[in-house]
Each structure stands twice: as structure tokens, then as C-alpha cells.
Amino acid sequence: AFFRSTLRSGDVSAELKQKRSKGSTSSMRSHVLSVLLLCVAAVPSFAFTPITPTATSHANANIVLRAISADGENDEDEWTNLTEDGAVKIRTVSPTPDADAPSPTSGEQVSVDYVGTVAPRAWSAQDVVDAWLSEQQGLDALAPKLFIEFGIDGDKLVDDTFFTEQFVTTALAVDNKIKCKKLCMAARNIKKGTYDVGLEFDSSKKLGKPFTFPLGKGKAIKAFELAIPTMRVGDTAQIVARCDYAYGKEGLRRTTGEVVVPPYATLCFDVTL
């Protein structure tokens, strides 16, 4: 504003205007520089002091991480994956006190006390492909790759606003309308009925005796066939099994039709061999 008022003085000669403009500019520059120097001088020095991590800060961070890990009920460090994709995993809750206790081998008759409960489904995109998409008929071989690329996990699969017929047609390249509708309907069917996490659906105590079966002969769910050989007689362990290693897409029903295990259910078993 100062420059504009100076340059608009009509009664001043052009030469004088230039001199005044230069003089004013020089004056203003000196003034601004002085103000800047004062501002810098007024800033506390600690504002520019870098904070260097110390051994104490690292130790405190590690304590917090250990506390979070200890509080987690599903600490991954405690689990052993029995399949490459983590569909079945086991952790020892109480090891046998007998150091010489044997592990069972295929063909042996084994007996287990157990309690079975419904566990969170918590499907990743790979779980969706392996446990659900593999059960759907007539899909192009490209579909599994697209499910992974679009990150279609369990939550997205049952989201009516995401997994729509338009999405299936355009993104997953399912151009057959009948196949598209069937796929969307199959996704919606997952939400039908109840899925009560933590619900106890069966136990050997209810049966009044241990569950006895020949190992490796297909007389038990796949998860048991994989997990029991890793235990020793007297061990108590927890086994988590994805649906395709338990009761699959149909679940388990009584002869009356009552649902015991929901379709596509992930299950947890507390087992003592």
C-alpha cells in the first residue's frame, strides 16, 4: 500500500518518483530484515533441538509392546499353523507332566475330551477364496486372483453395498447374469441365521464319554486329523479350524433339522488327549 500511494503522487516528476520508489524499497527491505532478525532471536532455542531416542525410551516402548502382547488372547506367537494358509492352528494350554508321553500315530485308536465353541470367522481375502469361492460353481479361473486384488475379505463379501451385482459384473468380469445373481445370493446367505461367537455347540461331557476314533481314517474332522498327531498323551491344547477343515458350507444339523454348527463356521476346540 505504501508503494502504491508513493507511485500515485501526480505532482512528482518521473525521476523523483523513481528515486522515492528506490529509497522506499530500500527502507522497507531494511525494516523487514530487522523484524525478521528480531523474530528469529525471540524464538526459544529448544524449538530447534532434535529429540534423540534414548535407551530408556526404547525400553519403555518394549514394555508397552510386551504388555499388549500379553493382554492379547490370540497372540500369534503362541500358535502353530498346521496348514500353510493358517486355516488350522494349535497352541498348547497345558502340557503333559509326563516327559515320556507318546504322540499318537496314524491308525491308532485315540480318545479325546473336548469342548467345541463357535469362533470369529475373521476371513481374509485368501480365506474367502479357499473356504467360500472354491465352493461356488462355474466361475472363471481368473476370479480368485481378482478377489485377492480387490481385497474381498469376509466383511466385504457380506456387505450388500460393496458386493453388488454391478461390482461382480464389472470388477470380477462375471458377465453371465444367472451366475452373477447366484454369486451375490451365496454371499448374502452367509449372513442368514445366527452366528453366536463363543456358543458351546458340543462337548464330550455332554456325550458322557470321550470321543474315540481311529486316527487317519477320516472318522473325525480334518482339523482333528491334523492336530492330534502333534499332541502327546496328557496334553491339553486349543485348536482353531476354518470351516473347510471342520463342517464346511453346510455346517452341522441334528436329525430334527436344528442347526448345531452354522454354515461356514470357524470353530475352536479345547482338547485333552
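Buried here means under 20% relative accessible area, exposed means over 50%, and partly exposed is in between (1.4 Å probe, protein chains only). By that cut-off, 31% of the 273 residues in the chain are buried. This is a predicted model, where local features need pLDDT of at least 70 and side-chain atom pairs count only at pLDDT 80 or more, while totals for chains, interfaces and linings use all residues. Residues are numbered from 1 along each chain as its sequence is written, and side-chain values use heavy atoms, with hydrogens and water left out.

Start with a cartoon view: the chain has 10 helices and 9 strands (DSSP runs numbered from the N terminus: H or I of at least four residues for helices, E of at least two for strands).

Next, select residues 177-189, which form helix 8.

Now show side chains. C180, L183, C184, A186 and A187 are buried in helix 8. They cover an arc of only 155° around the axis, so they sit on the same side of helix 8 (the arc is that of the directions from the helix axis to the C-beta atoms). Turn to the other side of helix 8 and you'll find K177, I178, K182 and M185 exposed.

What covers the buried residues of helix 8? Select helix 4 (125-132), helix 6 (154-157) and helix 7 (165-170), which are included in that cover (contact means heavy atoms within 4.5 Å).

Last stop: zoom in on N176 at the start of helix 8, where one of its side-chain oxygens reaches to within 3.0 Å of the backbone nitrogen of I178.

Conventions:
The expected span of a helix is 1.5 Å times one less than its number of residues. A polar contact is a pair of N or O atoms within 3.5 Å; within protein, one must be able to donate a hydrogen and the other to accept it, and residues adjacent in sequence count only if both atoms are side-chain atoms.
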